[in-house]
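Colleague: I have the model open and would like to go through its side-chain contacts with you. Can we start with the charged ones?

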Amino acid sequence: MDISITRKLGNAIVDKIIETYPGSDVKEYDLIKNPFPHLSEDLINAFYTPIENRTPQQAAASKFSDDAIAALVESDIIVIESPMFNFTITSNLKTYLDHITRVNVTFQYTPTGPEGLVHGKKVYIAFSSGWIYNQNAPEIPEFNIPYLDKDFNVPLLKSSLAFLGLTDFTAFRADGAQLEGIKEAAIQRAFDSIEIA
């Protein structure tokens, strides 16, 4: 699967946002060039230590997470590029989610269950896959039917972000971006579907 399709789709979404909301300030996290560190025991301990009690080492370890959460809270619109990798999101994106999913910071536990603490934001997902994982795709080859239940990418993102309170969620999908005979139409449909509220 060509990662650049996802990147181009994400860029097209951002362009539409800027067109709709001129003067928008865009902040980019490139998780391929600048991946977040995977969780470690020291990092998790830092997360659970009050800021005023953190050691200099814990403060440094928490910086990626703290900065990412600050950017998330400051944002009005979030665009996530998420190509399909082995039926799910990339490990880099999963690590980012681990950094922004923090108890008593972006969600809390209540007597009635978990409650997200991040609200009032729109989320757009740029998704592409070599195969078809969307039952609403216009052209679904018969041999592909068993794969319609294998999309653990977009549903995972939707559930993970909703857990934080981000429920205004739209995915623009380029399913079948490597299937001969439909890939050009599939990619074009994804670009044509972009609408910014």
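Modeller: Gladly, and please keep in mind that this is a predicted model. The count of salt bridges comes to eleven.

Colleague: Which side chain does glutamate 81 meet in a salt bridge?

Modeller: Glutamate 81 meets arginine 7, with 2.5 Å from N to O. Because glutamate 81 lies in strand S1 and arginine 7 in helix H1, the pair ties together parts that are 74 residues apart in sequence.

Colleague: And how accessible are those two?

Modeller: Glutamate 81 is partly exposed, at a relative accessible area of 27%, and arginine 7 is partly exposed too, at 30%.

Colleague: Which residues are linked in a network with Arg7?

Modeller: Arg7, Asp30 and Glu81 are linked in a network of salt bridges.

Colleague: What about arginine 54, which side chain does it meet?

Modeller: The side chain of arginine 54 meets that of aspartate 66 in a salt bridge, at 2.9 Å from N to O. This pair links distant parts of the chain, with arginine 54 in the loop between H2 and H3 and aspartate 66 in helix H3, twelve residues apart.

Colleague: Is arginine 54 buried or exposed?

Modeller: Arginine 54 has a relative accessible area of 12%, so it counts as buried, the limit being under 20%. Aspartate 66, at 25% relative accessibility, counts as partly exposed.

Colleague: Let me jump towards arginine 173. What does its charged end sit over?

Modeller: The charged end of arginine 173 sits over the ring of phenylalanine 127, 4.4 Å from the ring's centre. The side chain of arginine 173 also meets aspartate 175 in a salt bridge of 2.7 Å, N to O, and aspartate 175 is buried, at 7% relative accessibility.

Colleague: On to the rings, then. How many aromatic pairs does the structure hold?

Modeller: The structure holds eight aromatic pairs. One of them joins phenylalanine 36 and phenylalanine 64, whose rings are tilted, with 5.3 Å centre to centre and 55° between the planes.

Colleague: Where do those two phenylalanines lie?

Modeller: Phenylalanine 36 lies in the loop between helix H1 and H2, while phenylalanine 64 lies in helix H3, so the pair ties together parts that are 28 residues apart in sequence. Phenylalanine 36 is buried, with a relative accessible area of 5%, whereas phenylalanine 64 is partly exposed, with 39%.

Colleague: Which residues do ring pairs link into a cluster?

Modeller: Ring pairs link Tyr29, Phe36, Phe64 and Tyr96 into a cluster.

Colleague: Tyr96 takes me to helix H4. Which residues there are buried?

Modeller: In helix H4, which runs over residues 91-100, the buried residues are Leu93, Thr95, Tyr96, Leu97, His99 and Ile100.

Colleague: And what covers them?

Modeller: The cover over the buried residues of H4 includes helix H2 (41-47), helix H3 (56-74), strand S1 (77-83) and helix H5 (154-163).

Colleague: One last topic, the strands. In which sense do S2 and S3 pair, parallel or antiparallel?

Modeller: Strand S2, residues 107-110, and strand S3, residues 113-116, pair in the antiparallel sense over four bridges. The two strands form a hairpin with two residues between them.

Colleague: Which residue in S3 stands opposite glutamine 108?

Modeller: Glutamate 115 in S3 stands opposite glutamine 108.

Terms used
Residues numbered from 1 in each chain as written. Predicted model: local features only at pLDDT ≥ 70, side-chain atom pairs only at ≥ 80, totals over all residues. Heavy atoms only, no water. Buried < 20%, exposed > 50% of the residue type's maximum accessible area, 1.4 Å probe, protein only. Contact = heavy atoms within 4.5 Å. Phe/Tyr/Trp six-rings, centres within 6.5 Å; stacked < 30°, edge-to-face > 60°. Lys NZ or Arg CZ within 6 Å of the ring centre and 35° of its normal. Salt bridge = Lys/Arg side-chain N within 4 Å of Asp/Glu carboxyl O. Pairing = 2+ DSSP bridges.
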